[in-house]
Amino acid sequence: LRTSGGYQHGLQLRGNGVPVARASQRTTVMMAGPKIIISGAPASGKGTQCEFIVDKFGVVHISTGDALREQVKKGTELGKLAQGFMEKGALVPDEVMIGIVRDRLAADDCKDKGWLLDGFPRTGVQAEAMAKEGIEADKFILLNVPDDVLIERCVGRRSDPETGKIYHLKFNPPPEDPEVQARLVHRADDTEEAMGSRIKMYNANVDAVKGYYKDITKEFDGVGDKNELAEKIADFVSK
């Protein structure tokens, strides 16, 4: 909660000599934006719902991958640390990722507009580290989708490297344009076998993560009309 301006109280006399308070400046009270975490298995629809949430509430969408690349690009201490691990082909340690998330959420745009943390934390260890850093959310959104649906969504997914758009051969077909069709990419980990491993890893960690946010969590069925789901999520965030 921030206050812009402020009342400067003084006294002036009416014609009858009765003193009245005067305000030389109008006060505007602005509520800080919501702080939201959205979680769900790969292909659960987080990306689609993030777009709806950003459009509805004007929050800053935070992808840990984007935040990581930004730190590396700027050559910050955290970025250099992360780059050292990535160049070795190693995973970036939790403490480095938490530092990157902490710094991003402390930026002015996040303070002013609120934030939407996309798919992070992924483990109980990360959730605990965030709590120790004082990173607190107002709402925790969890999208539940059956494993077989996740695999079907994933296997049919194609991305356009030029526009960044993601399509699905069945649910959201790409344009008929031969040029677009020719450049579509099928990610190496968007196979049934790879997806099964990713889902297994997600399921092994989700309960631990939920435990840290149980008082602010609402679970949603991620199967069905995306617009109806967006309305339900918006109602939850608004409360």
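Phe236 is buried in this predicted model, with a relative accessible area of 9%; buried denotes a relative accessible area under 20%, exposed one over 50%, and partly exposed the range in between (1.4 Å probe, protein chains only). Phe220 is likewise assigned to the buried class, at 5% relative accessibility. The model is a predicted one, in which local features need pLDDT of at least 70 and side-chain atom pairs count only at pLDDT 80 or more, whereas totals for chains, interfaces and linings use all residues. Residues are numbered from 1 along each chain as its sequence is written, and side-chain values use heavy atoms, with hydrogens and water left out.

Aromatic pairs were assigned where the ring centres of Phe, Tyr or Trp (its six-membered ring) lie within 6.5 Å, with planes under 30 degrees apart counted as stacked, over 60 as edge-to-face and the rest as tilted. The count by this rule is 2 aromatic pairs. In one of them, the rings of Phe140 and Tyr213 have centres 4.9 Å apart and planes at 5°, so the pair is stacked. Phe140 belongs to strand 8 (residues 139-144) and Tyr213 to the loop between helix 9 (192-211) and strand 11 (217-221), so this pair ties together parts that are 73 residues apart in sequence. Helices (H or I, at least four residues) and strands (E, at least two) are DSSP runs, numbered from the N terminus. Phe140 is buried at 1% relative accessibility, and Tyr213 is buried with a relative accessible area of 8%. The rings of Phe220 and Phe236 have their centres 6.0 Å apart and their planes at 65°, so this pair is edge-to-face. It links distant parts of the chain, with Phe220 in strand 11 and Phe236 in helix 10 (residues 226-238), 16 residues apart.

Phe220 also takes part in a charge-ring arrangement: the charged end of Lys218 sits over the ring of Phe220, 5.8 Å from its centre. The criterion is that NZ of Lys or CZ of Arg is within 6 Å of the ring centre and within 35 degrees of the ring normal. The charged end of Lys88 sits over the ring of Phe85, at 5.9 Å from the ring centre.

In helix 3 (residues 77-87), Leu78, Gly79 and Ala82 are buried. Viewed down the axis of helix 3, the buried residues fall within an arc of 95°, so they line one face of the helix; the arc is that of the directions from the helix axis to the C-beta atoms. The face of helix 3 turned away from the buried side carries the exposed residues Glu77 and Glu87. The cover over the buried residues of helix 3 includes helix 2 and helix 4. Gly89, with a positive phi near 80°, follows helix 3.

Arg104 is placed in helix 4 (residues 94-105) and counts as buried at 18% relative accessibility. With neighbours within four places in sequence left aside, Arg104 is in contact (heavy atoms within 4.5 Å) with Val60, Ile62, Ala67, Glu70, Asp109 and Cys110. Cys110 is itself buried, at 3% relative accessibility, and Cys154 is buried at 0%. The structure holds 0 disulfides, a disulfide being a pair of cysteine sulfur atoms within 2.5 Å.

Salt bridges were assigned where a side-chain nitrogen of Lys or Arg is within 4 Å of a carboxyl oxygen of Asp or Glu, and the structure holds 18 of them. One joins the side chains of Arg69 and Asp66 at 2.7 Å, N to O. Arg69 and Asp66 are 3 residues apart in helix 2 (residues 64-74), and are therefore separated by about one helical turn. Arg69 is exposed, with a relative accessible area of 53%, while Asp66 is partly exposed at 46%. Asp103 forms a salt bridge with Arg102, the closest N and O atoms being 3.3 Å apart. Asp103 is partly exposed at 35%, and Arg102 is partly exposed at 32%. In a further salt bridge, the closest N and O atoms of Glu179 and Arg183 are 3.9 Å apart. Both residues lie in helix 8 (residues 178-183), 4 residues apart, about one turn of the helix. Glu179 counts as exposed at 54% relative accessibility. Elsewhere, salt bridges that share partners join Arg157, Arg187, Asp189, Asp190 and Arg198 into one network.
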